[in-house]
Amino acid sequence: MKRIAMLTGIMILAAPLVVAQTSTWTNDPAHSEVDFSVKHLSITNVHGRFGRVAATLVYNDKDVTKSTVTASIDVTGVNTGETARDNHLKTADFFDVATFPTATFASTSVARQGSQLAVSGNLTLHGVTKPVVLMVDGPTAPVTGMDKKMHTGMEATTTIDRTAFGIGPKFPDGAVSNAVKITIELDFVKQ
């Protein structure tokens with residue numbers, strides 16, 4: 001009987017340690033962004049940025065591969081620095097932001113790959129969901145920000161085929177490359 005009571009006591013004391021292995025972090029919108037670049041006429045890169053991103057990281061302190069991340073990206077804020085091009089990108093020819101105002105990402109697995117993390121997940125863009133792999137540098141060592149909260153940073157990159165998501169199917173690869181590089185910069189704040 002003493003043995004059962006002792007074992008129960010140890011389990012009760014150990015329970016907070018298991019819970020303490022994960023923490024929730026949300027991104028600081030003022031220091032986070034989602035950018036893209038795509039070849040135009042096979043000669044130059046056009047760079048752009050989407051609107052705000054809202055991301056949540058559930059970080060496992062003991063085993064980063066057990067962490068998860070979700071994100072929602074405001075596609076209506078697409079900006080390449082050229083108003084006419086931005087207005088065209090918002091139409092049904094490309095992003096159709098009236099119908100599909102947001103893109104989302106939800107991780108399905110995290111794996112170490114050299115010095116990086118390979119975060120696999122489902123990207124929903126233009127109403128189409130496809131698996132993608134984000135190559136992540138980070139998380140950085142946490143630092144205390146001016147807000148007195150802990151911050152960590154990550155940069156993730158992936159390349160998608162825009163036509164697989166039904167974006168700009170009327171435009172050939174030579175005019176607007178099918179390959180679009182996406183770069184995600186996130187400043188996460190511990191909650």
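**Entry 1: S10 and S11**

I began with strand S10, residues 150-161, and its pairing with S11. The two run antiparallel, and I found 11 bridges between them. This is a predicted model, so I read every pairing as a prediction. I then looked up single positions along the pair. His151 stands opposite Val189 in S11. Thr152 faces Phe188 of S11.

**Entry 2: other partners of S11**

Which residues does S11 cover? It spans residues 176-190.

Next I checked strand S2, residues 33-40. S2 pairs with S11 in the antiparallel sense, over 7 bridges. Val38 is the residue I noted here, standing opposite Val180 of S11.

**Entry 3: other partners of S10**

S8 and S10 are antiparallel and share 3 bridges. Val136 has Ala156 in S10 as its bridge partner.

Thr144 stands opposite Met150 of S10. How many residues lie between S9 and S10 in their hairpin? I found 5. In that turn, Lys148 has a positive phi of about 70°.

**Entry 4: the whole chain**

I stepped back to look at the protein overall. There are 2 helices and 11 strands. Along the sequence I read the pattern α-β-β-β-β-β-α-β-β-β-β-β-β. I then looked at contacts between residues at least 6 apart in sequence. Of these, 55% join residues at least 24 apart. The exposed surface comes to about 11,000 Å², and carbon and sulfur atoms supply 61% of it. Of the 191 residues, 37% are buried.

**Entry 5: the nonpolar core**

I asked which residues touch the most other members of the largest nonpolar core. They are Phe50, Phe95, Val119, Leu125, Ile160 and Phe188, out of 41 residues in that core. Several elements give two or more residues to this core: S2, S4 (53-60), S5 (68-74), S6 (102-113), S7 (116-125), S8 (128-137), S10 and S11. S11 gives the most, with 6 residues.

Leaving aside neighbours within four places in sequence, Leu125 is in contact with Val75, Phe95, Ala103, Ile160, Phe165 and Ile167. Phe95 and Ile160 are also on my list of core residues that touch the most other members.

**Entry 6: Val46**

My last stop was Val46, in strand S3, residues 44-49. Is Val46 buried or exposed? Val46 has a relative accessible area of 14%. The cut-off for buried is under 20%, so Val46 counts as buried.

What does Val46 touch, beyond neighbours within four places in sequence? I found Phe36, Ser37, Val38, His40, Thr80 and Arg85. Val38 is the residue I had noted opposite Val180 of S11. I also looked up the spacing between Val46 and Val176. They are 130 residues apart in sequence, and their C-alpha atoms are 9.4 Å apart in space.

Conventions. Residues are numbered from 1 along each chain as its sequence is written. This is a predicted model: local features need pLDDT of at least 70, side-chain atom pairs count only at pLDDT 80 or more; totals for chains, interfaces and linings use all residues. Side-chain values use heavy atoms; hydrogens and water are left out. Two strands pair if DSSP finds at least two bridges between them. Helices (H or I, at least four residues) and strands (E, at least two) are DSSP runs, numbered from the N terminus. Buried means under 20% relative accessible area, exposed over 50%, partly exposed in between (1.4 Å probe, protein chains only). Contact means heavy atoms within 4.5 Å. Accessible areas come from the Shrake-Rupley method with a 1.4 Å probe; for residues, only the protein chains shown count as cover. A nonpolar core is a set of buried Ala, Val, Leu, Ile, Met, Phe, Trp, Tyr and Cys residues joined through side-chain atoms within 4.5 Å.
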